[in-house]
Amino acid sequence: MVDSVFVMPGTVAAPRTGILRDLHGRYETVREALTRIDKAARELGLPDISTRLIEDVAGERPYSPEVQYLEIFAVSLSTYHLLVAEGVEPVAIVGQSIGELWALAAAGHVSVGDAARLAVARSRALTRQAWPGTMLAVGVDGRRAESLAGLIGHPHLVLACENTPRQSVLSGPRRQIDEAERVAEALGWPSVRLDVPHPTHTPAVAQAARDLLATAPRVSYGGGRWRVSSPWLGRDIGDEDPVELVAGALTAQVRMLHTVRALHAAGADTFIECGEWPVVTRFVEASVPGIQSVVPLSEHDPVAAVRALVAGRTETVPPQVRTPAPPPVLAAPPPVAAAPPVPARPAPTVVVPPPVATTPAPAFPAAPAAPSAPAAQPVASVLAPPAPQAPVTPASPATADPLPSTSDVNGQYAVVLTEIRALYGDYLGYPPELLGDDDGLESDLGVESLKQVALLGRVADRYGLPDLRANTSLLTVGTLGRIAQAVVQARGEATAR
């Protein structure tokens with residue numbers, strides 16, 4: 001596979017218990033990677049990271065931002081090793097926010113232990129600053145989102161990320177984010193507040209960046225196996241100092257939209273998410289229509305899904321080898337026009353602005369090649385209102401999804417989907433055309449679980465399908481496409497009786 005890009009998510013939802021059990025049992029490289037992450041965690045006073053991911057552990061998981069970041073790292077790195085072990089080789093690896101650190105480790109530029117220690121140092125520097133800001137996902141392009149921030153006019157309220165042509169993220173003080181939310185509502189722009197442990201990608205966290213530079217253990221940078229393309233630098237990462245990369249990314253905009261389009265223009269046609277859910281690949285699909293995205297861990301059998309993908313390269317590749325089921329997401333790219341490939345240019349000087357208050361802080365030293373390290377940008381659930389998409393494509397043969405394909409029952413799917421989109425749009429106050437058929441109800445649209453239960457009840461009543469309420473998967477990984485498929489299937493079964 002000479003045209004695949006591996007993408008590493010940033011701060012997403014905590015992985016499921018036991019998610020790596022099968023990969024841990026199958027691949028020595030996965031076991032070695034998890035052992036190294038556990039060793040680094042113990043050295044830093046944290047619990048073993050792998051235990052909850054490879055076993056069914058009862059009770060609540062020990063929580064801290066550091067544990068969450070290392071769990072995401074463990075899942076991303078394990079997925080990478082699955083792909084390589086099965087013969088998938090990337091032309092590049094891309095990380096979203098702190099996911100850029102996972103990309104550097106997977107590519108071999110930094111060691112697994114060093115990446116884990118640097119992720120923890122970054123988290124603790126942000127916790128020490130304790131900046132009381134927040135982030136807001138807005139369903140518009142970066143230019144409009146940046147204009148909104150400019151209208152309010154606070155130096156720390158900025159466009160943090162531009163994920164897709166119709167999704168951007170603002171980061172700033174809570175008061176100004178409140179104001180931005182009210183203006184967005186008045187303009188009819190969908191928006192959702194992001195529940196993140198460490199809001200980043202704003203000059204407001206410059207103090208944490210300086211702190212990280214002063215306190216983080218030095219990390220050696222070696223020659224890696226793969227190139228790492230940086231969404232905030234707009235180029236491949238060279239031999240920059242990893243600590244300066246991570247610190248510089250904290251206050252920088254993330255350019256995921258432009259990086260994705262540049263890689264696609266260079267020939268990449270398959271983007272594979274090294275995470276549990278379609279997070280970054282959602283941005284990819286919305287930025288480059290018709291692109292193939294694959295999320296192995298969201299499949300019933302991840303190994304079979306990857307093998308089917310590899311086999312399909314010599315025959316016919318399934319339209320999509322995944323079942324939509326996204327969780328929280330992280331911010332991504334900034335505003336720019338259409339999105340031609342980002343031309344290579346000298347590394348920008350990393351400058352972290354001093355605090356805006358009274359006491360001037362020392363200027364943040366310039367990083368030789370201000371590369372990008374994912375700013376552990378936590379994004380709980382990001383609203384992504386892309387333009388209406390084609391009906392959900394059927395899962396590949398490797399997927400054991402009980403729901404029927406989108407072509408089932410003489411086109412009933414399209415009719416039902418349109419009706420459900422109108423029902424949900426009316427209830428939520430969104431224009432129906434902004435509700436994508438595979439947008440996660442909670443992760444992308446911010447629909448809390450109680451509202452989802454109420455809406456599913458309305459669907460069940462509308463179509464006379466009381467058993468629909470018992471389908472818990474429609475709540476845990478609910479999308480309009482999956483609900484429409486479930487309705488079509490249930491009506492077909494009822495007719496057949």
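Helices (H or I, at least four residues) and strands (E, at least two) are DSSP runs, numbered from the N terminus. Helix H14 covers residues 412-428 and is followed by glycine 429, whose phi is positive, near 80°. The model is predicted, so local features need pLDDT of at least 70 and side-chain atom pairs count only at pLDDT 80 or more, while totals for chains, interfaces and linings use all residues. Residues are numbered from 1 along each chain as its sequence is written, and side-chain values use heavy atoms, with hydrogens and water left out.

**Helix H14**

The 17 residues of H14 reach 24 Å from the first C-alpha to the last, close to the 24 Å expected at 1.5 Å a residue; the expected span is 1.5 Å times one less than the number of residues. Among the buried residues of H14 are Tyr413, Val416, Leu417, Ile420 and Arg421. Buried means under 20% relative accessible area, exposed over 50%, and partly exposed in between (1.4 Å probe, protein chains only).

**Nonpolar cores**

A nonpolar core is a set of buried Ala, Val, Leu, Ile, Met, Phe, Trp, Tyr and Cys residues joined through side-chain atoms within 4.5 Å. The largest such core has 92 residues, of which Leu70 and Phe73 touch the most other members. Helix H4 (residues 65-85) gives the most to this core, with 11 residues. Apart from this core lies another, of 26 residues, which includes Leu423 and Leu428; both of these leucines are also listed as buried residues of H14.

**The six-stranded sheet**

An open sheet has the strand order S8-S7-S2-S1-S9-S10, with mixed pairing. Strands S8 (235-236) and S10 (292-294) stand at its edges with a single partner strand each, so one side of each is left without a neighbour in the sheet. H4 lies across S1 (4-8), S2 and S9 (270-273), running at about 160° to S1. Contact means heavy atoms within 4.5 Å; axes are lines fitted to C-alpha atoms, for helices over the stretch in contact, and angles run from 0 to 180 degrees between N-to-C directions.

**Strand S3 and the pairings**

Six of the six residues of S3 (residues 133-138) are buried. Gly133, Met135 and Ala137 lie on one side, and Thr134, Leu136 and Val138 on the other. Two strands pair if DSSP finds at least two bridges between them.

| Strands | Sense | Bridges | Bridge partners |
|---|---|---|---|
| S2 and S7 | parallel | two | isoleucine 93 and valine 228 |
| S3 and S6 | antiparallel | four | valine 138 and serine 191 |
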